[in-house]
Amino acid sequence: RQMEAAERSTSPSGSEADELSSAAASTATPSSSPGSPAESRSPTESGSEEGEGSGSPDRVFRSGSGWGGTRTPCDDFMEKRRTPMSSWQCGRATALPPRVYVDNRTLIREVPDLCTLQRGDHCLIAINFVRAASPRVDYFVSWLGSIEICYLYHHFIVMDDVDHVDESGVPRNSNGDPAMIFECGNTVPEACQELKSKSKGRPLMLPFIIAHFLITCKAKFSTHPLADYGDTPHIYVVLDRQTAEERERTVAEALRVQGQHDRYHVLFNNCEHICNQIITGFHKSEMVTTTAWVAFRVLLILFGVLALKMNQDFFHLLDLCYSNFCVDFPKVASDAYLFFTVLPVGLQAMISYFLLMRSVRRKHKQALIDRHECYHLLGKELGRMVVVGGMTIAAIYLTPQIVSNFLVRFVICALAYMVADMVYNCSAHAVMRLVLLPAYGRVWLLGAPMPDGTRNEACGEAEKKVN
């Protein structure tokens, strides 16, 4: 405005001078560092930053409630600029059976009715490294998690009982305020804004700043509306029993941690560490433990493939044997290959199933799952042990006979278990969602049919008996 007025007249009149002074006053803002309270606005206030009459409508800027004034999905929902891609609803809905977490002991269930979420609930979503970059990408990643293709989860704690979902798709509590959650997370727009601020004037240090940011500063401890995950419809809750006092203690502890906590670290202090410490008192992350085991198993596979490679090179060098069997499969090399590749897979499949059996029995006694879900989990995971374990062992055993390249052998053996598990999960969910649920109304063929809502009523009665 000042530049346009200066072009019109170098010496403005009194009315024009007043207009310029008012424009300058309206555009001037107090200086504050990014992420300070002056820039952290609530979603309801961000709509007032439109700057009506500021010239071209293409240059309208709306400050958001994220880091440094970055806009978040919740800002768009609250201002009704768009609707969430999720189908969140309150009321009766068909509950999908529980599933097994990566530790093979914890059971989680997808939340069909958002109004069942309570204060202190430990919830998860499929981890999304590009969250808020695109609503469609967020929805797609969430869908991959619903069919168990995504193996990593983001953890958070519900801070309010969800009473209803308004017409904008925003979950609210009984007072009409947005239902809040506590988490250690971030979004792509907020991360880009922070990296831009940290690297200002130091372009050559940008790679080091990004690496340090991803390891120790990627996530922020905060309390914000659950509606931020409106484009991520598939939310899971950990099946556990908490009293009202324990839930209040969980919420109070989350608020304390928000004000006083250690720096985020992807390996030693991530979102799962924090949620487990708040709820159970144990600072642990099963995802880190599982990832460490997978890395160790891949290292063992490398040793096994190297044994075949070194033996093959040795015989070719001495020119002692020309048959494929002698070159590729002498007894010592083949035994080492099978020991380092097949044995860990077989042990993992069996130990995982036995851990699951103990957990299912315990949850059934606590009335957290019913008999049909117990049968479903035991049958599904038994099939996983046989099918996934069998497919992986067969692939590892046949690879040296089919492939001669060292790198290709290693890649096939390293990815065999994950690929077989993905194929099994896709097949299991296709049968469950396309055949069993539409035709029989349940995910297990034994027993009498259970209509919608009956499972919750049955578990409620069993819970009263347990209490």
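Arg119 is partly exposed, at 22% relative accessibility, where buried means under 20% relative accessible area, exposed over 50%, and partly exposed in between (1.4 Å probe, protein chains only). The model is predicted: local features need pLDDT of at least 70 and side-chain atom pairs pLDDT 80 or more, while totals for chains, interfaces and linings use all residues. Residues are numbered from 1 along each chain as its sequence is written, and side-chain values use heavy atoms, with hydrogens and water left out.

Arg119 forms a salt bridge with Asp160 (3.9 Å, N to O); the term means a side-chain nitrogen of Lys or Arg within 4 Å of a carboxyl oxygen of Asp or Glu. Arg119 lies in the loop between strand 2 and strand 3 (122-126), and Asp160 in the loop between strand 4 (153-158) and strand 5 (164-165), so the pair ties together parts 41 residues apart in sequence. Helices (H or I, at least four residues) and strands (E, at least two) are DSSP runs, numbered from the N terminus. Asp160 is buried, with a relative accessible area of 15%.

In the pair of Glu79 and Arg71, the closest N and O atoms are 3.1 Å apart. Glu79 is buried, its relative accessible area being 19%.

## Arg105 and Glu286

Another salt bridge links Arg105 to Glu286, with 3.3 Å between the closest N and O atoms. Because Arg105 lies in the loop between strand 1 (99-100) and strand 2 (107-110) and Glu286 in helix 9 (residues 286-318), the pair ties together parts that are 181 residues apart in sequence. Arg105 is partly exposed at 35%, whereas Glu286 is buried at 12%.
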